[in-house]
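Hi,

Here is the structure I said I would pass on.

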Amino acid sequence: MEMNKGTLYIVATPIGNYEDITLRALNVLKSVDYIACEDTRHTGVLLKHYEIKKPLFAYHKFNETDKSSYIIELLDEGKSIAIVSDAGSPGISDPGVIAARAAKEAGYTVTAIPGATAFVTSLMASGLDLSHFAFIGFAPQKDAKRKKFMEIYKSYTMPLIYYEAPHRLIAFLNTALEVYGDRMIFISRELTKVFEENLYMRISEAIAHFTENEPRGEFVITITGLEDGDDGETIDINEAARALIDEGLSMKDATNKLKELGFKKNDAYKALLEIKEE
């Protein structure tokens, strides 16, 4: 394959199963002058599998700005460069955007080589209505910032798609329960790998499941959107209130439980009082 000199290729690679790489991606990786990798060791394993030998250099979130300048220098010399991430499509919650923008601003051609993307793979198996959806990516790590960030999307009626690491999954789900209430979610892990798992359940059920089963692998979490006609505070409040009353909780304890689920105190008390008076 003849490369266009002074061209930057953004190349998608498999998210787990090596058979998911495209013929075009392989041809590009075989033909470019350099390959910029999120982790040279990780990409080296993939390249070795396909008997590809090319000069590699690290390009990750900690050096993305500096290495983007280096990429422009190589393009100035007429070199062709491919950017790959550890898995999936560069630029989607992975490095790649800064170099692509810099190359375009410098007048060079930027060509995307499509392939696997984790959230698209998960959505394909979800069975959810995908006429519209919002890809959010990773939420902030700290609890307060994560809650404030997730509240931005609380009124969206379309599915919300998040990424999360295994060691932060439970904290993420707890915040999701507080912000969105006990919505249904589709959660995927180890996509395209031997132990792939896809679950459709309520957020509270997911918390219980992964409390008993240690989270492993990277997660794609799709949270169903706000239902039409709901105001964001009463999605399940009557059902939740009734369940708490049936459990024998006092008004005070039931109100506090509903507050923990993200409902306002006044709305919680009103719902509980109406059920008590039935």
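Below is what turned up, starting with the pocket and moving on to the rings.

Some housekeeping: residues are numbered from 1 along each chain as its sequence is written. This is a predicted model, with local features needing pLDDT of at least 70 and side-chain atom pairs counting only at pLDDT 80 or more, while totals for chains, interfaces and linings use all residues, and side-chain values use heavy atoms, with hydrogens and water left out.

The largest pocket holds about 930 Å³ of space. A pocket here is an open set of points on a 1 Å grid over the protein atoms alone, where a 1.4 Å probe fits, with protein on both sides within 12 Å along at least five of seven lines; lining residues have an atom within 4 Å of a point. The volume is the space filled by probe spheres set on the points.

There are 39 lining residues, and Asp86, Ala87, Asp94, Phe138 and Glu218 lie nearest the centre. Two or more residues each come from α2 (40–49), β7 (160–164), β8 (184–189) and β10 (219–223), with α2 giving the most, at 3 residues. Helices (H or I, at least four residues) and strands (E, at least two) are DSSP runs. Both domain 1 (8–116) and domain 2 (119–223) supply at least three lining residues; the bounds come from an automatic or database domain assignment.

Now the rings: the structure has 11 aromatic pairs. Rings of Phe, Tyr and Trp (its six-membered ring) pair if their centres lie within 6.5 Å, with planes under 30 degrees apart counting as stacked, over 60 as edge-to-face and the rest as tilted.

Tyr18 and Tyr50 make a tilted pair, because their planes are at 40°, with ring centres 6.5 Å apart. Tyr18 sits in the loop between β1 (7–11) and α1 (23–31), and Tyr50 in the loop between α2 and β3 (56–58), 32 residues apart. Tyr18 is partly exposed at 29% relative accessibility, and Tyr50 is partly exposed at 23%. For these labels, buried means under 20% relative accessible area, exposed over 50%, and partly exposed in between (1.4 Å probe, protein chains only).

Phe119 and Phe133 are edge-to-face, since their planes are at 65°, with centres 6.1 Å apart. Phe119 is buried at 9%, whereas Phe133 is partly exposed at 33%.

Cheers
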